[in-house]
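Me: I would like to go through a protein model step by step. Could you help me with some questions?

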Amino acid sequence: MENRAELQRTEPRPEILLVSASNLNTLRARPSLKEYLSSLWKNRYFIASDARARSFSTGHGMFLGAAWIVLNPAIQVALYAFAFGFILKVDRGMENFIGFLIIGVILFGFISGGLGAGVRLIQGNRGLLKSFNFPKATVAIAKGLKSSVDNLPALLLAVFAALASQYWITPSWTALFILPLYVLMQFFITGIILIVARLTAFVPDLGSLVSVITRILFFTSGVFWPIDRFIHDPAIAQVVTGNPCYQFLDVARQLVLYGTMPGWQTWGALTLWSIGAFIIGIVFFWRAEHRYAAIK
């Protein structure tokens with residue numbers, strides 16, 4: 001008994017550490033919008049690093065790898081050119097149907113890719129979202145930044161192929177403005193990703209609805225043919241031309257194919273669409289910030 005008592009006295013007692021809970025934050029908390037935006041800015045290096053690490057991952061594990069980023073839109077253009085040009089003869093009366101189609105198919109692919117990228121984005125990153133306390137919008141913004149990097153080779157392909165399709169015409173300096181248009185488009189796409197990510201996080205079935213909306217926009221945004229050739233009702237034409245997807249494609253064709261500079265009203269409308277979608281996307285996503293960690 002004495003040995004046991006002596007042994008108990010000599011054994012080291014476990015240390016008790018007192019930790020203040022004042023600096024601990026729950027994963028299911030929603031900060032103020034100002035604090036949220038500040039936190040997003042502080043995480044800008046993480047956003048850039050994550051986007052850079054995931055860029056050009058399309059085709060990973062395939063023989064051609066990242067080349068599919070360019071091959072996929074090129075194959076789509078060839079397919080639609082055969083279907084709508086050779087079979088349906090939509091190109092009748094158009095001076096450069098191929099260039100028109102190239103711009104439409106490839107640039108609309110950027111928008112449809114943004115719609116698809118937001119579907120179930122939260123579920124795909126739930127392990128990360130549940131493990132760390134950081135603004136969850138960084139995941140969606142990084143996705144948008146990744147898309148802007150991935151889409152750049154396809155954009156260059158679209159511009160050079162469209163210009164090559166009318167080789168008899170000297171390229172105009174207005175084609176250079178495709179870059180600021182591309183920047184505006186990426187803000188618009190990132191806003192879409194934020195909105196779709198929140199919607200499909202809590203109602204996954206909306207992912208199927210997003211596919212339907214994408215298909216509707218595909219056939220109502222002037223991807224294959226000029227709107228005025230098939231829509232003669234002024235009210236319907238106004239609705240279609242007010243579609244931001246149509247406006248992006250129309251301005252891109254003016255800059256690259258027709259060598260004309262859209263007016264400031266057009267640029268202003270696209271800026272409002274782009275920045276507005278981005279701001280609305282962040283605010284809409286932030287309002288459910290405290291719920292994402294509970295997503296299963």
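Predicted model: local features only at pLDDT ≥ 70, side-chain atom pairs only at ≥ 80, totals over all residues.

Me: Where does helix 8 bend, and which proline follows within four residues?

Reply: Residues are numbered from 1 along each chain as its sequence is written, and side-chain values use heavy atoms, with hydrogens and water left out. Helices (H or I, at least four residues) and strands (E, at least two) are DSSP runs, numbered from the N terminus. A bend is the angle between axes fitted to the seven residues ending at a residue and the seven starting there; helix 8 bends by about 35° at Leu152, and the proline that follows is Pro153.

Me: How many salt bridges are there, and which residue pairs with Lys136?

Reply: A salt bridge needs a side-chain nitrogen of Lys or Arg within 4 Å of a carboxyl oxygen of Asp or Glu. By this rule there are two. For Lys136, the closest N and O atoms are 3.7 Å apart, and the partner is Glu289.

Me: How many residues apart in sequence are the parts that Lys136 and Glu289 tie together?

Reply: Lys136 lies in the loop between helix 7 (126–131) and helix 8, while Glu289 is in the segment after helix 13, so the parts they tie together are apart in sequence by 153 residues.

Me: What is the N to O distance in the salt bridge of Asp150 and Lys146?

Reply: Asp150 and Lys146 both lie in helix 8, four residues apart, about one turn of the helix. An α-helix has 3.6 residues a turn, so residues three or four places apart point the same way. The side chains of Asp150 and Lys146 meet with an N to O distance of 2.5 Å.

Me: What kind of pair do the rings of Phe202 and Tyr292 form?

Reply: Rings of Phe, Tyr and Trp (its six-membered ring) pair if their centres lie within 6.5 Å; planes under 30 degrees apart count as stacked, over 60 as edge-to-face and the rest as tilted. The search of the whole structure finds 12 aromatic pairs. For Phe202 and Tyr292, the centres are 5.7 Å apart and the planes at 20°, so the pair is stacked.

Me: Is Tyr292 buried or exposed?

Reply: Phe202 is partly exposed, at 27% relative accessible area. Tyr292 has 1% relative accessibility, so Tyr292 counts as buried.

Technical notes:
Buried < 20%, exposed > 50% of the residue type's maximum accessible area, 1.4 Å probe, protein only.
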